[in-house]
Amino acid sequence: MKLFIRSAHFYLIIVWVLSASAQSKNYTNYHQQILAIEQLISQDEYEIALNSYDKLFEQYDFVFLKEYKVAAQIAAHLGDEYRAFDYLGLGVANGWTLDEIKDHELLKRLKKNPRWIDLEFNYEALRLDYLYRINDSLRNVVNELFKEDQKMAFSYLFKPSEKAKNKFIEEKAIIISERHVKQLIEIIDSHGYPGEQLIGNSVWSSTILSHHNSLSPEYQQQDQLYPSLRPKLLAAIDNGQLNPYHFAIIEDWYITVKSDRKEHSYGIIHPLTKANFDHADQMRANVHIRSIALRNALIDIEAKTGIDLNLGYGSWLQGKINPTE
């Protein structure tokens with residue numbers, strides 16, 4: 001990993017991007033490498049996993065923050081505090097806040113290391129790397145869409161009856177949601193998908209799209225917006241602008257609601273029977289997300305080590321995926 005931190009007073013981070021331009025723009029290999037690293041972690045091969053993370057970090061000019069978070073924790077778990085601080089610095093430069101680090105149970109032990117003072121002293125300078133990277137004006141636009149989406153969702157939630165909820169969907173929610181999706185399509189066409197890489201937030205856009213895909217079975221049957229947007233989302237996975245796990249949530253809502261819960265897909269929204277596992281794993285493989293078996297094995301690793309492997313991606317999927325009867 002081309003990361004050098006030598007001064008007693010401040011961090012100097014230099015990341016050499018060694019990959020060819022075409023490779024750095026195609027994240028298919030990135031996601032496959034992450035799956036291979038997670039397989040190593042599931043087998044307690046932590047040192048090999050860290051070395052694999054180092055190679056990955058050299059190859060791509062944008063790395064999802066979750067990778068730095070996991071790498072820092074594994075290094076701390078191994079007692080490799082030098083590398084742990086390397087990953088902390090990289091994480092801060094990609095949006096990890098000092099408050100989040102301080103509150104992390106596994107990382108608290110690093111406060112005893114003299115380099116913790118350097119991390120605190122240079123936090124604001126490292127944070128600037130992140131702030132300079134993101135499109136702040138675009139972030140504000142998407143945030144306003146998200147706030148309006150949340151207001152719409154809460155208005156629906158507190159309607160007193162199913163009849164009132166259905167009326168709200170037909171008369172208000174569809175109009176608001178379609179406007180949001182059209183604005184997101186315009187943003188994607190002009191700037192790319194507004195996720196972690198572009199605006200430093202991975203959930204605002206995916207939440208808006210998930211809510212659009214969960215309006216009602218009747219609406220999803222005739223909706224033309226999401227089907228036209230879907231190829232753009234798949235392209236955004238390939239260029240690193242969309243986290244594939246967030247795509248799976250968006251898509252799972254669409255399949256689940258459109259079929260009125262008759263079809264099974266990723267196992268995020270709609271519980272799976274054992275007979276559905278193979279189909280779900282194939283769908284997961286198609287968008288480069290971990291299999292059900294790997295997810296379940298990593299949850300055991302979390303319980304054993306205290307490492308947060310960032311497996312949740314929202315509140316819809318907690319714990320292991322076990323088959324329903």
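Tyr-30 is buried, with a relative accessible area of 1%; buried means under 20%, exposed over 50% and partly exposed in between, using a 1.4 Å probe and protein chains only as cover. The model is predicted, so local features need pLDDT of at least 70 and side-chain atom pairs count only at pLDDT 80 or more, while totals for chains, interfaces and linings use all residues. Residues are numbered from 1 along each chain as its sequence is written, and side-chain values use heavy atoms, leaving out hydrogens and water. Tyr-30 belongs to one aromatic cluster with Tyr-27, Tyr-60, Phe-62 and Phe-64.

**Aromatic pairs**

- The structure holds 12 aromatic pairs; rings of Phe, Tyr and Trp (its six-membered ring) pair if their centres lie within 6.5 Å, and count as stacked with planes under 30 degrees apart, edge-to-face over 60 and tilted for the rest.
- Tyr-30 and Tyr-60 make an edge-to-face pair, at 5.1 Å centre to centre and 90° between the planes.
- This pair links distant parts of the chain, 30 residues apart: Tyr-30 is in helix 2 (residues 28-42) and Tyr-60 is in the loop between helix 3 and helix 4. Helices are DSSP runs of H or I with at least four residues, strands are runs of E with at least two, and both are numbered from the N terminus.
- Tyr-60 is buried, because its relative accessibility is 1%.
- Tyr-30 also forms an edge-to-face pair with Phe-64, with 5.8 Å between centres and 65° between the planes.
- Since Tyr-30 lies in helix 2 and Phe-64 in the loop between helix 3 and helix 4, this pair ties together parts that are 34 residues apart in sequence.
- Phe-64 counts as buried at 2% relative accessibility.

**His-31**

- His-31 lies in helix 2 and is buried, with a relative accessible area of 5%.
- Leaving aside residues up to four places away in sequence, His-31 touches Phe-64, Ile-237, Pro-244 and His-288, where contact means heavy atoms within 4.5 Å.

**Helix 5**

- Helix 5 (residues 81-92) has 12 residues and reaches 16 Å from its first C-alpha to its last, close to the 16 Å expected at 1.5 Å a residue. The expected span is 1.5 Å times one less than the number of residues.
- Helix 5 is mostly covered, with 10 of its 12 residues buried. Among them are Arg-83, Phe-85, Asp-86 and Tyr-87.
- The buried residues of helix 5 pack against helix 3 (46-59), helix 4 (65-78), helix 6 (98-102), helix 7 (115-121) and helix 8.

**Salt bridges**

- A search of the whole structure finds 15 salt bridges, each a side-chain nitrogen of Lys or Arg within 4 Å of a carboxyl oxygen of Asp or Glu.
- Arg-83 and Asp-54 form a salt bridge through their side chains, at 2.9 Å from N to O.
- This pair links distant parts of the chain: Arg-83 in helix 5 and Asp-54 in helix 3 are 29 residues apart.
- Both Arg-83 and Asp-54 are buried.
- Asp-189 forms a salt bridge with Lys-232, with 2.9 Å between the closest N and O atoms.
- Asp-189 lies in helix 10 (residues 162-190) and Lys-232 in helix 14 (residues 225-238), so the pair ties together parts that are 43 residues apart in sequence.
- Lys-232 is partly exposed, with a relative accessible area of 29%.
- The side chains of Asp-260 and Lys-262 meet in a salt bridge of 4.0 Å, N to O. Asp-260 is partly exposed at a relative accessible area of 48%, and Lys-262 is exposed at 64%.
- A network of salt bridges links Glu-47, Asp-54, Asp-80 and Arg-83.

**Surface patch**

- Leu-128, Leu-131 and Tyr-132 make a nonpolar surface patch of about 320 Å².
- Patches are made of residues with over 30% relative accessible area and no salt bridge; like charges are joined within 9 Å and nonpolar side chains (Val, Leu, Ile, Met, Phe, Trp, Tyr) within 5 Å. Accessible areas come from the Shrake-Rupley method with a 1.4 Å probe, and for residues only the protein chains shown count as cover.
- Leu-128 sits in helix 8 (residues 123-133) and counts as partly exposed, at 35% relative accessibility.

**Ala-164**

- Ala-164 is in helix 10 and is partly exposed, because its relative accessibility is 23%.
- The C-alpha atoms of Ala-164 and Tyr-60 are separated by 49 Å, and these residues are 104 residues apart along the chain.
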